[in-house]
Amino acid sequence: MHNQNHNNSKNKLSKLKEILNCIKFKTTISKDNLKPEVILLIYQRPHKLKSILEAFSEQSFKDFKINILNNNFSKKEEINQIANNFPNLNITLEHSIENQGSKAKFIVAKKSKGNPLIFIDDDMIPHQDFVEYMIEEHKKFGEKYILGWFSFIFKKEDFDSHEWPNIYEEADYIGSGSMILDRTIIDNTKELQNIPEYAKKAEDLWLSSIARKKGYNLVRIKQKVNHFPDNQDQYLQLEKGKENYKNKLFKILRKSGWRLIKDNKTNHTIPIH
């Protein structure tokens with residue numbers, strides 16, 4: 001009888017610990033209230049759109065929307081034809097008369113209705129589990145984290161003097177292609193809709209500095225895209241042959257108070273709940 005009571009008490013204690021653990025790590029993000037939307041800009045790579053949409057057609061997670069902005073108006077008909085071949089996908093397609101540059105992705109994000117927002121560039125082909133993985137990581141970390149694979153830590157006062165953080169390690173900078181964030185930073189940050197002239201060609205640096213100032217954590221996650229860089233990026237078309245504009249902006253942002261991880265000198269591996 002004594003052993004039976006002891007076992008009952010032990011089982012109750014184990015159950016209580018299980019409940020407390022669930023409460024401790026519970027977040028406000030649940031699968032039921034997620035309505036993910038993808039943000040994609042097209043400029044010099046309309047020929048890649050078919051492959052990108054084919055990959056999105058084969059995603060393991062199906063319930064998402066794709067918002068496409070075409071920054072190359074001369075390719076309007078070609079892009080319309082490609083998008084029309086994917087009736088199974090929920091696509092909103094917009095054409096811009098002028099090349100607005102990569103800053104336009106935040107304007108598209110503001111117009112969207114869903115949450116979270118997943119960004120991908122037109123030189124990336126998503127893996128089959130891309131959307132599912134991004135959502136699961138977003139649920140795991142929460143609203144105050146911006147997650148992406150193209151991430152840097154800066155060791156010196158120079159944009160080009162960077163290192164890749166380890167997976168699930170905090171970063172100073174996240175490239176805005178292949179990242180996921182909660183839309184609250186888009187909705188509540190007017191600086192992302194009105195990027196100043198000196199920063200408009202480096203929206204990723206601009207976002208990274210603003211996010212850290214607002215208390216967001218930037219974290220590197222696994223790469224779930226195939227990346228095909230080809231020197232056709234929009235910023236290269238906007239400013240050819242000039243001084244490294246990202247390094248110029250990096251120094252401007254540092255002077256304006258952008259704090260880097262090296263300023264704190266602490267361990268920045270992020271615990272996963």
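Q: Which residue with a positive phi follows helix H9?
A: This is a predicted model, in which local features need pLDDT of at least 70, side-chain atom pairs count only at pLDDT 80 or more, and totals for chains, interfaces and linings use all residues. Residues are numbered from 1 along each chain as its sequence is written, and side-chain values use heavy atoms, with hydrogens and water left out. Helices (H or I, at least four residues) and strands (E, at least two) are DSSP runs numbered from the N terminus. H9 spans residues 245-255, and the residue that follows H9 with a positive phi, near 110°, is glycine 257.

Q: How many of the 12 residues of H5 are buried?
A: Buried means under 20% relative accessible area, exposed over 50%, and partly exposed in between (1.4 Å probe, protein chains only). Phe130, Tyr133 and Phe141 are among the buried residues of H5. H5 is largely enclosed by the rest of the structure, because the buried residues number 9 of the 12.

Q: Which strands stand at the edges of the open sheet of 3 strands?
A: Two strands pair if DSSP finds at least two bridges between them. The sheet has the order S8-S7-S9 with antiparallel pairing. One side of each edge strand is left without a neighbour in the sheet, because each has a single partner strand; these are S8 (162-163) and S9 (173-174).

Q: What is the bridge partner of phenylalanine 152 in S9?
A: Strand S7 (residues 151-154) pairs with S9 in the antiparallel sense over 2 bridges. The partner of phenylalanine 152 in S9 is tyrosine 173.
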